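Trainee: I have not seen this structure before. Could we go through it by question and answer?

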Amino acid sequence: MIDAVGQPQSLLVLGGASEIAQAVVASVAGRRCRTVVLAGREGPRLTEAVERARSAGVDQVEAVRFEATDIEGHGELVRSLFDRFGGFDMVLVAAGVLGDQQADEHDPVGTARVITTNFTGLAAAMVAVADRLRAQGYGRLVVLSSVAGDRARRANFVYGSSKAGLDAFSQGLGDALAGTGVSVMVVRPGFVKGRMTEGMDPAPFATTPEAVAESVVRGLERDAQVVYVPGVLRWVFAVMRHVPRTLWRRMPA
Ligand SMILES: NC(=O)c1ccc[n+]([C@@H]2O[C@H](COP(=O)([O-])OP(=O)(O)OC[C@H]3O[C@@H](n4cnc5c(N)ncnc54)[C@H](OP(=O)(O)O)[C@@H]3O)[C@@H](O)[C@H]2O)c1
């Protein structure tokens, strides 16, 4: 059960090998999370994530196959996991791809891959998760969105629009769950230094997976609905939304 300060004892991660997710697992493990299921693409990264969760002190760690674009399989996967583990206090939605904007904006398959992975596939999984959380009457659904979804940039609009869709969907789902004991927290990090952004010049206010994890834990404590990382980006993007299009389209990725 979720403890008095909002921390989960059981966690399901969709996108279990994500660097940010691994940092979140390490943070909640230090606060008595004892069961973690890492649902992700099979491979060495997922195996390493399992090892890292065990080293962080999680007693029961399991990896299961999750492919975000395998939409038909989501219902059965979620049903079997909730049945087998007796439910989860928290579900973290962490899968995502950045894509290659320059190539994807000329490639129907590349564009669809980013949008299906980041939005359609995850939204489909989230409705299955939401129904199980609603039935158990408690739980937190934490979704890794991005400031890129606050306003799509010319240099990054395939990824940005996929995050805008995921973000809007998550907020609507949170409203649909109001009063059920289940809540949704949307996390909007800026540039996070790590595998996804490797080789890119850090944007202003660049942060780390550990800082995102810390903000997730603080957000759980105060039952936040939207969390920016770092927090200053809330105000930066409140202004950015009003920058004229002629200037906005020159913003770098
Ligand atoms: N890094 C940033 O600057 C940043 C900023 C804001 C928001 N975010 C968001 O935060 C989340 C986590 O990102 P991260 O920084 O931790 O990057 P990451 O380490 O690359 O994690 C992304 C994870 O998504 C998984 N994934 C990709 N396609 C998938 C698919 N089709 N099915 C299932 N899993 C899939 C990847 O699996 P594999 O390990 O198999 O590749 C990887 O484990 C993402 O949603 C990302 O968009 C990141």
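Predicted model: local features only at pLDDT ≥ 70, side-chain atom pairs only at ≥ 80, totals over all residues.

Trainee: Which peptide bond is cis, and where does its proline lie?
Mentor: The bond from V229 to P230 is cis, with omega near -10 degrees. As for the location, P230 lies in the loop between β7 (226–229) and α8 (233–240).

Trainee: How many other C-beta atoms lie within 10 Å of F205?
Mentor: F205 lies in the loop between β6 (182–189) and α7 (209–221). F205 is not a glycine, yet its phi is positive, at about 65 degrees. F205 is partly exposed, and its count of other C-beta atoms within 10 Å is 16.

Trainee: Which residues are closest to the ligand?
Mentor: The ligand is surrounded by 27 residues. By class, this shell has 12 nonpolar, 10 polar and five charged residues. The closest to the ligand are S18, R41, A68, G96 and V192.

Trainee: Why does α5 count as roughly parallel to α6?
Mentor: The axes of α5 (residues 108–136) and α6 (residues 157–177) come within 8 Å and cross at roughly 15 degrees. Angles under 35 degrees count as roughly parallel. The crossing angle therefore makes α5 and α6 roughly parallel.

Trainee: How do the residues of the contact of α5 with α6 divide by class?
Mentor: α5 passes α6 in a right-handed crossing. Residues making the contact include V114, L122 and M126 of α5 and Y159, L166 and F169 of α6. By class, the residues of this contact divide into 13 nonpolar, four polar and two charged.

Trainee: What is the orientation of α1 to α7?
Mentor: The axes of α1 and α7 come within 8 Å and cross at roughly 50 degrees. Angles under 35 degrees count as roughly parallel, and 65 to 115 as roughly perpendicular. The angle between these two helices therefore makes α1 oblique to α7.

Trainee: How many charged residues are in the contact of α1 with α7?
Mentor: The crossing of α1 past α7 is right-handed. Among the contact residues are E19, I20 and A23 of α1 and P209, E210 and V212 of α7. The contact has 10 nonpolar residues and one polar, and the charged residues number three.

Note on methods
Residues numbered from 1 in each chain as written. Helix = DSSP H or I, 4+ residues; strand = E, 2+ residues; numbered from the N terminus. Buried ≥ 20, exposed ≤ 12 C-beta atoms within 10 Å, placed from the backbone. Near = placed C-beta within 6 Å. Nonpolar A, V, L, I, M, F, W, Y, C, P; charged D, E, K, R; others polar. Axes fitted to C-alpha atoms, helices over the stretch in contact; angles between N-to-C directions. Parallel < 35°, antiparallel > 145°, perpendicular 65-115°, else oblique. Left-handed = near helix turned anticlockwise from the far one by under 90°. Contact = placed C-beta atoms within 7 Å.
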